[in-house]
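Trainee: I am new to this structure and would like to learn how its terms are used. Could we go through it together, one step at a time?

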Amino acid sequence: MILRPAFLEDIPALAEMGRSSFCAKFAHLYSTEDLDPFLEQVYSIDGVTSDFNQPNLIYQLAEDETGLIGFCKIARRSSYAEHSDAKRPMGLNQLYTAAGRTGQGIGAALTDWALAEAREHSADAVQLSVYSENYGAQRFYARYGFTKIADIGFWVGNQRDAEFLYELRLDS
């Protein structure tokens, strides 16, 4: 496995993996009327291109001989900063692995990269949201020392999901 930054030519693969990973885990929670517009906004080529062109966001890919096996997207400035007294929180906005590849160290490698980036950019915390019933992800982040700091919502169409905001304080 190698980690590398994303390039424009990676956008179709990012959109496909984001969509398929999200749907595999969460599609059963939503009506078609809520899910389809959300997927178009977030995981279409246009949606990923829009994020890719945001200077606040950075994508990192994990690849092996089969191609893309995971990615993460971090925000230099967390969109959840108001929930914490951290002065320079960074956001871990997405962390996805290919179907059937969970538990193979891909998420850990990408999380390690994200935390190193946060330290390199002098962040004092890393924040992320996790679905309230995604217990596997909660255990994964707890192993890194992330703790819940707030109850928040995540909207997919007209449906609000209960999410937990997690934060990891970084040593200065």
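Mentor: Gladly. A residue is called buried when its relative accessible area is under 20%, exposed when it is over 50%, and partly exposed in between. Keep in mind that this is a predicted model.

Trainee: Why is Gln138 called buried?

Mentor: Its relative accessibility is 13%, and the cut-off for buried is under 20%. Gln138 therefore counts as buried. You will find Gln138 in helix 5.

Trainee: Which residues does Gln138 touch?

Mentor: Leaving out residues up to four places away in sequence, Gln138 touches Val130, Tyr131, Ser132, Glu133, Phe164 and Tyr166. A contact here means heavy atoms within 4.5 Å.

Trainee: What makes the pair of Gln138 and Ser132 a polar contact?

Mentor: A polar atom of the Gln138 side chain lies 2.9 Å from the backbone oxygen of Ser132. The limit for such a pair of N or O atoms is 3.5 Å, and 2.9 Å is within it.

Trainee: How do you know that the buried residues of helix 5 line one face?

Mentor: In helix 5, residues 135–143, the buried ones are Ala137, Gln138, Phe140 and Tyr141. Looking down the axis, these buried residues fall within an arc of 160°, so they line one face of helix 5. Arg139 and Arg143 are exposed on the other side of helix 5.

Trainee: What do the buried residues of helix 5 pack against?

Mentor: They pack against strand 4 (89–97), helix 4 (106–120), strand 5 (125–131) and strand 7 (159–169). Helix 5 is followed by Gly145, which has a positive phi, near 100°.

Trainee: What puts the buried residues of helix 2 on the same side?

Mentor: Helix 2 covers residues 32–43, and its buried residues are Asp34, Leu35, Phe38, Leu39, Val42 and Tyr43. They cover an arc of only 115° around the axis, which puts them on the same side of helix 2. Thr32, Glu33 and Gln41 are exposed on the other side. Among the partners of the buried residues are helix 1 (11–26) and helix 3 (45–52).

Trainee: Why is Ser122 called partly exposed?

Mentor: Its relative accessible area is 43%. Ser122 sits in the loop between helix 4 and strand 5, and its phi is near 60°, a positive value in a residue other than glycine.

Trainee: Why does Pro89 count as buried?

Mentor: Pro89, in strand 4, has a relative accessibility of 7%. Buried means under 20%, so Pro89 counts as buried. Among the residues Pro89 touches are Arg76, Arg77 and Asp124.

Trainee: Which residues are closest to the centre of the largest pocket?

Mentor: The largest pocket holds about 1400 Å³ of space. Of the 50 residues that line it, Phe26, Asn93, Gln94, Leu95 and Tyr96 are the closest to its centre. By class, the lining has 24 nonpolar, 19 polar and seven charged residues.

Methods. Residues are numbered from 1 along each chain as its sequence is written. This is a predicted model: local features need pLDDT of at least 70, side-chain atom pairs count only at pLDDT 80 or more; totals for chains, interfaces and linings use all residues. Side-chain values use heavy atoms; hydrogens and water are left out. On a 1 Å grid over the protein atoms alone, a cavity is a set of points where a 1.4 Å probe fits but cannot get out, and a pocket is an open set with protein on both sides within 12 Å along at least five of seven lines; lining residues have an atom within 4 Å of a point. Grid points are joined across faces, edges and corners, and a volume is the space filled by probe spheres set on the points. Ala, Val, Leu, Ile, Met, Phe, Trp, Tyr, Cys and Pro count as nonpolar, Asp, Glu, Lys and Arg as charged, and the others, Gly among them, as polar. Buried means under 20% relative accessible area, exposed over 50%, partly exposed in between (1.4 Å probe, protein chains only). Helices (H or I, at least four residues) and strands (E, at least two) are DSSP runs, numbered from the N terminus. The arc is that of the directions from the helix axis to the C-beta atoms. A polar contact is a pair of N or O atoms within 3.5 Å; within protein, one must be able to donate a hydrogen and the other to accept it, and residues adjacent in sequence count only if both atoms are side-chain atoms.
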